[in-house]
Number of protein chains: 2
Amino acid sequence: MASKLTSSPNSLLLQNPNRHHLLKPNSYTTTFSNFATQNKPSSIRCAATSTAPVSPIPATQDPEERVFNFAAGPATLPANVLKKAQAELYNWRGSGMSVMEMSHRGKEFLSIIQKAEADLRALLDIPEDYAVLFLQGGATTQFAMIPLNLCKPDDPVDYVVTGSWGDKAFKEAQKFCMPKVIWSGKSEKYTNIPAFESLEQNPDAKYLHICTNETIHGVEFNDYPTPKNGILVADMSSNFCSKPVDVSKFGLIYAGAQKNVGPSGVTIVIIKKDLIGNAQEITPVMLDYKIHAENNSLYNTPPCYGIYMCGLVFEDLLAQGGLTEVEKKNKKKAELIYNAIDESNGFYRCPVEKSVRSLMNVPFTLEKSDLEAEFIKEAAKEKMVQLKGHRSVGGMRASIYNAMPLAGVEKLVAFMKDFQAKHA
Amino acid sequence: MASKLTSSPNSLLLQNPNRHHLLKPNSYTTTFSNFATQNKPSSIRCAATSTAPVSPIPATQDPEERVFNFAAGPATLPANVLKKAQAELYNWRGSGMSVMEMSHRGKEFLSIIQKAEADLRALLDIPEDYAVLFLQGGATTQFAMIPLNLCKPDDPVDYVVTGSWGDKAFKEAQKFCMPKVIWSGKSEKYTNIPAFESLEQNPDAKYLHICTNETIHGVEFNDYPTPKNGILVADMSSNFCSKPVDVSKFGLIYAGAQKNVGPSGVTIVIIKKDLIGNAQEITPVMLDYKIHAENNSLYNTPPCYGIYMCGLVFEDLLAQGGLTEVEKKNKKKAELIYNAIDESNGFYRCPVEKSVRSLMNVPFTLEKSDLEAEFIKEAAKEKMVQLKGHRSVGGMRASIYNAMPLAGVEKLVAFMKDFQAKHA
């Protein structure tokens, strides 16, 4: 099948359309029209570094280089972190190899993962009696791993369901313990969070599960309920490291990295050490916290490059002054968009109860819903992309994680006002 | 804790040693003496691209830039692939974003994963009735996922154990079905492979499991046994895409990417479609092949950047002329080292039976074992690193995957002869 391919150096760049026959994929160059004006022939020249000085200053203001990417995750990363990763991708700090090539048991990679953990501990002020684990499989794997490790099959546990992710976590837990939804926002389309004193917790529940920020619905906890029994478990995937958190209130915190702290493929678990070591017998070894804790996340080969990227982000967050400073920026950005919505006289609408609106994911609709497609299309022309709402909700969604620059939010708000003026 | 950190752009580069107090990690710069001569201050300048022309020609011959990395995995990657990844890390082909920032449901990433799959199908000539899945969790997760998906708890299955990885796979399967080791090389320290006709297979076994290349012991199957009943399942982690394979002989092939085809964090599964859909009830959703096959590996967020890197490697393997050409190169490299061992009059020894010696991992010892530490140290001085054997075996191990250039093997062989001349 490969017999007609040449072995010349340039053939790396050739795309044989026949190779696609098995899948008939959409061709990026022919179908992704929003980017058509930017499309250049693929090239192996280091364009980004040869046309601009490499510096730690974010290059996002240069419209020729970056779009403002409002995707819900994987999501925009800090421009300076990407530049640093690019500079050292081929040869990490004189080691003669890429981070992607390093033995996970070699001193170089050990220095990377240990620094990443130390910096995360500093950022969140994680107490010593908590383990920090770098795992794989996303929050979806945690949905099973948590009951498998914290429960016996007959144990009751409580779930507060404030959105689709909490609902998925509950459903998966049904395989491994006796979970109960003690509150659901579904009938109100997941637009609020209950008063904690109204929660009818099971006094025997092994844990109380919440999702601190529902990515799809834009609902975020500002404070946390206290479990009547057992521990508080939180899916923080989409607001992890976006603000300070008192880790000691939780038994277990978990987060996919691909929102605020890195690329996809890394899952971070912060777990109180005394909860480790009681996995059910049917637990696959890779889903047992004990094996990962005992081996400092190196039982098998971890997702090394992703961990390295998370480490660069942690370093950057510390350099910004830590999570107190980061939260200030996030509040300012969110306020700008919510104000634009609330001051639009109903042209834009956010369905979420004001007191629990997310600082990370801002869902909104247009009063004239037939204009939504045009809104998204026009925004993309101005290099603001991924603004379409989740397919289950519709409308628009602006995800404005830590790495979204203020300039991106300001540009979006200006665009929103302009769009309203044209169509009001 | 972060209050003393400044927020100046340069602070990203500062390493505050106090930040390490929780872990007391080894400092890379102070303890990794083998690399001391190469250590330069960390810098965000794009040194690799500014000091050398960016071209698809491997830069490995430049001793200032690359070491020869004989690690068993994560392992050396093609230099031209790394250069290409570096060039487009910050801005992928004019999209205005890094691959790490792309929504996994966006057209850009879909084009990447679909091309990766199409190229892998071309490389291995994968029949249409097989699904290709890009998963997480490494081979270790497959050790559980395979019996969970292919067996009921009472089903018998057969394992041929030719090394440590096959043994681990067997042990994990004990949780989910009734596996039996029908042959083990343990008593002979895993140095050979049985005659297939001598295998006493269970006529009711749902599958026969082999590990086609044992990374630690350097034992490789050249041909494959035929299961009496059921299907053949193979862990190909460490020789995946190193030579042509008749996929139709197997029901399921799996491989961690981090040897021959990419960075760690991606696991590739090739599975006959009619085997999908029978997972046990206790199977976590992320361990069910059905959910991944139905969603084209996009049920949850996949390890996007790792898949992208695998795609670049597949493209490169096709450009080399496909796996027939790749196998020729691998045979030539392996022959050079094995000849050096066999012609050393016993100075070097390889314990593995000649007919099943691995083309990928070459374990060897010194007759004078007290010289082994010096061998490894002297080799590192000449920029040949990660030659220490696995802790369970000792001695040396040269892993010479696809991406190890012939020049690296030639240099090692010359070093071996020189070392012998000095110490014979």
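How many residue pairs are in polar contact across the interface of domain 1 of chain A and domain 2 of chain A? The rule finds 13, with both residues at pLDDT 80 or more. A polar contact here is a pair of N or O atoms within 3.5 Å; within protein, one must be able to donate a hydrogen and the other to accept it, and residues adjacent in sequence count only if both atoms are side-chain atoms.

Before you click on, some ground rules. This is a predicted model, where local features need pLDDT of at least 70 and side-chain atom pairs count only at pLDDT 80 or more, while totals for chains, interfaces and linings use all residues. Residues are numbered from 1 along each chain as its sequence is written, chains are lettered from A and ligands numbered from 1 in the order in which they are written, and side-chain values use heavy atoms, leaving out hydrogens and water.

**Stop 1: the two domains**

Colour 79-320 of chain A as domain 1 and 322-423 as domain 2; these bounds come from an automatic or database domain assignment. Their centres, taken over C-alpha atoms, are 27 Å apart.

Now show the interface. You'll find 25 residues of domain 1 of chain A in contact (heavy atoms within 4.5 Å) with 25 residues of domain 2 of chain A. Look for salt bridges (a side-chain nitrogen of Lys or Arg within 4 Å of a carboxyl oxygen of Asp or Glu) between these domains, and the count is zero.

**Stop 2: the aromatic rings**

Select Phe375(A) and Phe415(A). Their rings form an edge-to-face pair, 5.1 Å centre to centre with 75° between the planes. Rings of Phe, Tyr and Trp (its six-membered ring) pair if their centres lie within 6.5 Å; planes under 30 degrees apart count as stacked, over 60 as edge-to-face and the rest as tilted. Phe375(A) lies in helix H10 (residues 372-381) and Phe415(A) in helix H11 (residues 406-423) of chain A, so the pair ties together parts that are 40 residues apart in sequence. Helices (H or I, at least four residues) and strands (E, at least two) are DSSP runs, numbered from the N terminus. Over all chains, the count comes to 29 aromatic pairs.

**Stop 3**

Most residues other than glycine have a negative phi, and most peptide bonds are trans. Go to Gly73(A) and Pro74(A): the peptide bond between them is cis, with omega near -5°. Pro74(A) sits in the loop between strand E1 (68-69) and helix H3 (79-87) of chain A. Hop to chain B, where the bond from Gly73(B) to Pro74(B) is cis, with omega near -10°.

Finish at Lys189(A), which isn't a glycine but has a positive phi of about 55°.
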